Amino acid sequence: MKEIREILSEVAALEDSEKAVLATVVDLKGSGYRLPGARMLIKANGDATGTVSGGCLEADVLERAKRVLATGKAEVFTYDTTADENSVFSLNMGCRGVMRILLESVDDASEIISALRKSRDEREWITAAVNISGAESIGERRFLGTASDSNLNLEADLRTFSEASANFETIRYETENGTVEYAFERLVPPVQLYILGAGADAVPLADAAHGLGWEVNVCDHRPAFLTAERFPNCDGLIALERDKATEWNVDKLTAFVLMNHNYDRDRAMLPGALASNAFYVGALGPKRRTQQILEELGDPFDEEQLSRLRAPAGLDIGADTPEAIAISIIAEIQSVLKNRNGGPLRDRTASIYDRK
């Protein structure tokens with residue numbers, strides 16, 4: 001999420017007629033540090049934003065980007081480390097996977113840049129498929145709702161993919177001219193975090209969320225606390241009425257953290273947060289405190305709503321400072337987002353990235 005924000009910022013700053021190269025991981029078989037959808041922007045002067053690996057492929061991608069920048073023609077490159085860990089330019093990657101990376105020339109008006117910006121700014125889920133092995137048409141994209149003119153089954157497959165849970169998939173099509181592959185992708189908006197309470201401990205939480213590329217909103221009834229000086233990395237400063245219940249029209253990629261350090265304000269704000277579409281609602285303070293609030297409210301919430309409530313908020317990492325507590329809360333939000341339990345990776349028996 002952070003790399004998309006930075007890439008969009010870099011593209012917007014390009015001079016008129018200036019081009020850059022967007023590198024995107026479009027397919028991965030086996031093990032790899034980054035998953036499909038990882039992106040890196042390479043400018044003509046060699047400056048790069050984002051990553052497509054753990055640092056082992058970037059130098060080669062930078063070299064290949066020069067040709068794409070010169071020709072304006074999109075290309076797909078394959079990096080295979082399954083046979084020998086030294087097989088990619090003696091880089092000793094050791095990941096043991098096959099990764100394909102699409103390189104394409106972009107500017108601020110490019111279709112993919114516009115789609116990424118629309119997803120972020122308008123909080124839209126956008127489904128697209130890009131040609132990754134179609135000879136002259138590599139880099140050609142089709143979007144859900146606009147692919148019905150294709151002689152393939154793209155529109156139907158885009159709809160099916162959109163309704164599924166995966167964010168990436170590669171599909172092959174047999175045509176009269178041979179096999180064509182499309183990489184399907186769902187562009188999703190960033191997680192948006194609403195911090196209810198602008199006290200001192202809200203500052204490191206806002207900073208940590210911003211560092212992940214999340215959209216951060218801080219809400220409070222005290223104007224003196226809602227300042228850009230205190231929250232320089234905040235996307236929204238929202239003034240609320242003191243102790244008044246608030247209804248939230250938010251989407252499913254929203255998290256709330258109640259940290260007012262005031263019982264009455266938390267009691268006023270908890271119902272609106274739980275009644276929203278937010279996937280996570282966290283509350284600071286002892287477990288008994290939140291339970292008492294629920295009892296006073298008369299327990300008007302159903303089982304699904306209560307399942308999204310985390311009180312006390314955060315993972316058990318022994319956090320005892322505002323900065324450590326922020327890490328604890330951010331880690332729990334991330335674990336809930338990815339449907340993980342937050343335990344040590346060394347105890348995990350399945351794939352780290354949930355590969356099927």
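Predicted model: local features only at pLDDT ≥ 70, side-chain atom pairs only at ≥ 80, totals over all residues.
What do the buried residues of α7 pack against? They pack against α6, β14 (280-283), α8 and β15 (309-310).

**Around α7**

The buried residues of α7 are R289, T290, I293 and L294. Look down the axis of α7 and you'll find these residues within an arc of 140 degrees, so they line one face of the helix.

Now for the partner helix. α6 (residues 263-275) packs with α7 at an angle of about 70 degrees, and the two axes are 10 Å apart. That makes α6 roughly perpendicular to α7. On the α6 side, the contact is made by Y263, D266, R267, L270, P271 and L274, while α7 brings in R289, T290, Q292, I293, L294, E296 and L297. Sorted by class, this contact has seven nonpolar, two polar and four charged residues.

Carry on into the loop between α7 (287-297) and α8 (303-307) and you reach F301. F301 is buried, at a relative accessible area of 12%. Setting aside neighbours within four places in sequence, F301 is in contact with P271, L274, L294 and L306. Take L274: it sits 27 residues from F301 in sequence, yet their C-alpha atoms are 7.7 Å apart in space.

**Another helix pair**

Which residues of α5 meet α9? They are P204, L205, A208 and A209, and across from them in α9 are P322, E323, A326, I329 and I330. The axes of α5 (residues 202-211) and α9 (residues 322-337) come within 8 Å and cross at roughly 45 degrees. α5 and α9 are therefore oblique to each other, and their crossing is right-handed.

**The start of the chain**

Helix α1 (residues 2-12) has its own set of buried residues: E3, I4, I7, L8 and V11. Seen down the axis of α1, they fall within an arc of 135 degrees, so they line one face of the helix. What they pack against is β1 (20-30), β2 (39-43), β3 (48-50) and α3 (111-122).

**A buried spot in a strand**

N217 lies in strand β11 (residues 215-220). Is N217 buried or exposed? It's buried, with a relative accessible area of 6%. Leaving out residues up to four places away in sequence, N217 touches Q192, L193, Y194, I195, C234, D235, G236 and I238.

Most residues other than glycine have a negative phi, and most peptide bonds are trans.

| Residue | Phi | Relative accessibility |
|---|---|---|
| R123 | near 50 degrees | 14%, buried |
| N339 | near 55 degrees | 70%, exposed |

R123 is found in the loop between α3 and β6 (126-131), whereas N339 lies in the segment after α9. There's also a peptide bond to check: the one from A311 to P312 is cis, with omega near 0 degrees. You'll find P312 in the loop between β15 and α9.

Terms used: Residues numbered from 1 in each chain as written. Heavy atoms only, no water. Axes fitted to C-alpha atoms, helices over the stretch in contact; angles between N-to-C directions. Helix = DSSP H or I, 4+ residues; strand = E, 2+ residues; numbered from the N terminus. Parallel < 35°, antiparallel > 145°, perpendicular 65-115°, else oblique. Left-handed = near helix turned anticlockwise from the far one by under 90°. Contact = heavy atoms within 4.5 Å. Buried < 20%, exposed > 50% of the residue type's maximum accessible area, 1.4 Å probe, protein only. Arc of directions from axis to C-beta. Nonpolar A, V, L, I, M, F, W, Y, C, P; charged D, E, K, R; others polar.
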